[in-house]
Amino acid sequence: MCQSNTLQGPDLHTGKWLQFPQLALRRRLGQLSCMSRPALKLRSWPLTILYYLLPFGALKPLTRVGWRPMSRVALYKSVPTRLLSRAWGRLNQVELPTWLRKPVYSLYIWTFGVNMKEAAVEDLHHYRNLSEFFRRKLKPQARPVCCLHSVISPSDGKILNFGQVKNCEVEQVKGVTYSLESFLGPRICTEELHFTQAPPGNSFQQQLVTKQGNELYHCVIYLAPGDYHCFHSPTDWRVSHRRHFPGSLMSVNPGVARWIKELFCHNERVVLTGDWKHGFFSLTAVGATNVGSIRIYFDQDLHTNSPCYSKGSYNDFSFISNNNKEGIPMRKGEHLGEFNLGSTIVLIFEAPKDFKFHLKAGQKIHFGEALGSL
């Protein structure tokens with residue numbers, strides 16, 4: 001009996017010490033539960049983080065005053081990704097000391113599986129900063145352009161989805177769609193594209209199809225951080241218009257794309273529209289977290305991820321003028337632009353009904369390989 005009492009003493013003493021953090025947390029939650037709803041709203045963001053981190057039921061007292069945690073999607077959308085990406089873009093421009101370049105780039109190569117044997121310059125000391133390394137060029141023979149097929153991949157990446165556009169909806173990943181009109185924005189003046197005027201009663205999708213018997217097709221290519229970050233012209237076409245949506249800069253990783261509906265409509269993007277031999281053709285470069293900029297080589301007026309633009313707006317620029325009525329002609333495989341990290345390319349184009357994709361969802365593809373043909 002005496003031994004038993006001796007052993008219980010330290011255990012009880014330790015138990016009291018362990019109770020102090022729990023009592024403090026309960027006391028604090030009790031204080032929060034008496035707060036007004038406006039005050040709780042101000043603190044909703046940090047409380048939501050605690051809700052998902054702490055054990056189940058820890059914040060139960062707050063529900064007595066009607067507090068509800070933000071959804072994970074809403075919480076993620078509240079993260080200032082534009083500001084963070086802008087800061088990351090500036091960090092990428094910082095010149096690294098020569099002795100630090102190889103270990104930093106080697107870690108990146110190992111993490112994301114970069115194949116430096118394809119790079120035009122394999123010497124890591126050549127790249128002064130992370131931005132130059134991200135935008136590295138390839139050896140000319142590393143990406144032969146397919147001459148047998150009408151549409152090639154504009155970039156390296158992973159095929160997320162492809163097929164016909166149906167009911168004005170496009171799939172960003174299987175089972176998750178977004179509105180075609182929300183993604184491209186209002187239809188551009190037909191005078192710029194030299195298209196026949198579609199009846200006003202037609203759907204947005206039908207207005208884009210200019211030739212009888214044609215269909216509208218789409219293809220989504222995801223560029224991972226380790227991929228080659230430049231993109232090229234996927235076919236012979238004429239670019240007549242650019243539309244820039246400032247938007248958010250959320251991750252476009254396939255996992256996030258399954259999680260957030262209309263992700264591509266929320267994110268910053270640059271929509272290039274024009275026509276090819278079969279009618280309407282568009283290429284959209286979608287920005288993502290840590291993409292400091294989207295650059296289009298022939299468009300010096302484009303400035304992405306800039307604080308002077310507000311989300312929810314868009315700005316247009318026409319490449320057709322009195323001196324240049326044909327817009328910007330692009331040849332298949334020609335350099336078109338670049339990202340400052342991984343992102344997504346979305347092709348939406350018109351083609352005859354017998355157009356066939358030569359793809360499988362989820363497959364890895366390289367710039368220059370065939371997407372499809374007639």
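The UniProt annotation "active site", taken from an unreviewed entry, covers Asp 156, His 232 and Ser 343; such positions are given in the numbering used here, feature names are shortened, and annotations may be inferred rather than shown by experiment. These residues are spread over 188 residues of sequence, yet they cluster in space, with a largest C-alpha distance of 14.3 Å.

The model is predicted: local features need pLDDT of at least 70, side-chain atom pairs count only at pLDDT 80 or more, and totals for chains, interfaces and linings use all residues. Residues are numbered from 1 along each chain as its sequence is written, and side-chain values use heavy atoms, with hydrogens and water left out.

Asp 156 is found in the loop between strand 1 (151-152) and strand 2 (157-164); strands (E, at least two residues) are DSSP runs numbered from the N terminus. The relative accessible area of Asp 156 is 3%, so the residue is buried (under 20% relative accessible area, 1.4 Å probe, protein chains only). Beyond its neighbours within four places in sequence, Asp 156 has contacts (heavy atoms within 4.5 Å) that include Arg 143, Tyr 222, Asp 227, Tyr 228 and Phe 367. With Arg 143, the side chain of Asp 156 forms a side-chain polar contact of 2.7 Å. A polar contact is a pair of N or O atoms within 3.5 Å; within protein, one must be able to donate a hydrogen and the other to accept it, and residues adjacent in sequence count only if both atoms are side-chain atoms.

His 232 belongs to strand 6 (residues 230-232) and is buried, its relative accessible area being 2%. Not counting residues up to four places away in sequence, His 232 touches Pro 154, Leu 283, Gly 333, Glu 334, His 335, Leu 336 and Phe 367. A polar contact of 2.9 Å links the side chains of His 232 and Tyr 228.

How values were computed. Helices (H or I, at least four residues) and strands (E, at least two) are DSSP runs, numbered from the N terminus. Buried means under 20% relative accessible area, exposed over 50%, partly exposed in between (1.4 Å probe, protein chains only).
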